[in-house]
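Subject: Structure handover

Hello,

Here is the structure you will be working with. Please look through it first, then read the notes below.

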Amino acid sequence: MLREVDDLDQPAAPEEASRQGRPARVFERVLDRLARSPYPRAILLYLVIRTASVQLLDLLAARRGATLTDRLTAWDGQWYLRLAVHGYADLPGTLDAARQPYPDAPMAFFPLYPKLVGAVMWLGPDVVTAALTVSVLAGLVLACGLIRIGRAVSPDRRDRTGLLLVALWAGAPMAIVFSMAYTEAVFCALAVWALVGVLERRWLLAGLCAFGAGLSRSTAVVLVAVVVVAALIEVFRRGEKRWWALAGAVIAPLGVAGYLGFVAYRTGSWTGWQDIELRGWNTEFDFGAETADSVLARLTGDESVFSTLTVLLLLGAVALVLVAAFIRVPWPLTLYGAGVLLLAIGTRGLPDAKIRFILPAFPVLVPIAIGLSKRRTVTAVSAAVAWVVLGAWFSAHALTAWRYAI
């Protein structure tokens with residue numbers, strides 16, 4: 001018995017002690033890596049900014065007798081909620097812009113977001129909770145992707161630039177849609193990571209993300225074009241990863257082409273999706289004629305501050321694309337940003353919603369992020385905070401006081 005007690009008092013053998021301490025060391029390494037990683041900081045920054053914006057919206061909505069949930073699921077959000085519950089075939093009460101029955105109207109909305117909402121609903125939440133959860137989670141993925149973009153455009157100040165880019169985009173005017181039952185958060189997350197794939201020559205990542213983006217929004221045609229062009233350039237250069245680049249170029253267009261083809265088959269017209277947009281929402285590409293008329297009218301007429309600011313933000317975005325080209329931001333980013341702007345400006349319908357339509361053109365903010373990263377911390381933080389305050393007010397005002405601004 002004494003011998004057994006003595007054995008218990010003996011120190012563990014070195015090998016056994018090493019095995020016992022291994023989990024603790026692994027845990028310490030994980031904590032250390034998280035402490036040094038910019039991704040948790042990006043996620044926290046994104047959540048703080050988005051939460052503050054939603055709180056301001058709640059305050060303004062309450063003053064006008066509306067609820068926060070009503071505002072976060074307004075307009076197209078109701079379409080996505082109904083699609084998540086009923087699907088395309090069984091969606092009741094579909095009308096066109098003239099308020100006439102139009103069974104094909106639901107096909108104007110791309111399927112990925114409502115499918116994701118439906119998948120989350122399968123876990124138990126109601127449709128509204130599921131929709132907002134998908135948007136929030138997509139926003140976190142988006143924020144992490146912006147860190148990688150920051151590293152690509154400013155290697156010497158990579159985390160600083162990336163975090164500024166997160167703040168600028170999370171707090172941009174109309175960034176409230178990242179917290180709504182809308183597709184922007186999902187699409188932008190996929191677009192950012194597709195461009196990360198291009199910049200880092202991870203062609204399968206680029207192709208798959210472009211494929212997913214193509215199932216989210218029609219804006220994906222610009223992203224797909226950039227990914228395909230960049231991948232084909234890689235193929236012709238005969239680099240070591242040319243076969244991966246070729247695979248990315250093949251996969252990228254399948255999402256948007258597949259859905260547009262499906263709509264064409266269902267409607268019996270090669271321009272089926274465009275026809276639905278025109279009949280249902282009076283939206284079509286007019287090479288910027290309506291946008292030009294709207295800009296001229298607002299700059300020369302007696303317009304509200306909100307309306308004038310919309311025009312100034314649009315013109316500012318165009319100027320920033322030119323700056324991006326001048327300071328040689330990587331061409332895939334500049335081309336993507338310019339393409340999204342061209343598509344938004346050249347499309348007729350809802351001129352007040354142009355700021356939401358150009359929101360996916362995040363590369364226009366890259367020159368600002370690079371410039372602020374070279375300034376003192378106080379200057380950079382002050383400028384970012386001012387931008388976030390402006391964006392939060394703009395978003396809240398658009399959802400509570402301005403008709404058709406989203």
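With which side chain does the side chain of Thr-271 make a polar contact? The partner is the side chain of Ser-269, at 3.2 Å. A polar contact is a pair of N or O atoms within 3.5 Å; within protein, one must be able to donate a hydrogen and the other to accept it, and residues adjacent in sequence count only if both atoms are side-chain atoms.

This is a predicted model, in which local features need pLDDT of at least 70 and side-chain atom pairs count only at pLDDT 80 or more, while totals for chains, interfaces and linings use all residues. Residues are numbered from 1 along each chain as its sequence is written, and side-chain values use heavy atoms, with hydrogens and water left out.

Thr-271 sits in the loop between α13 (254-267) and α14. Helices are DSSP runs of H or I with at least four residues, strands are runs of E with at least two, and both are numbered from the N terminus. The protein has 20 helices and two strands.

Thr-271 counts as partly exposed because its relative accessibility is 39%. Buried means under 20% relative accessible area, exposed over 50%, and partly exposed in between, with a 1.4 Å probe and protein chains only. Of the 406 residues, 48% count as buried.

Leu-260 lies 11 residues from Thr-271 in sequence, and the C-alpha to C-alpha distance is 8.5 Å.

Regards
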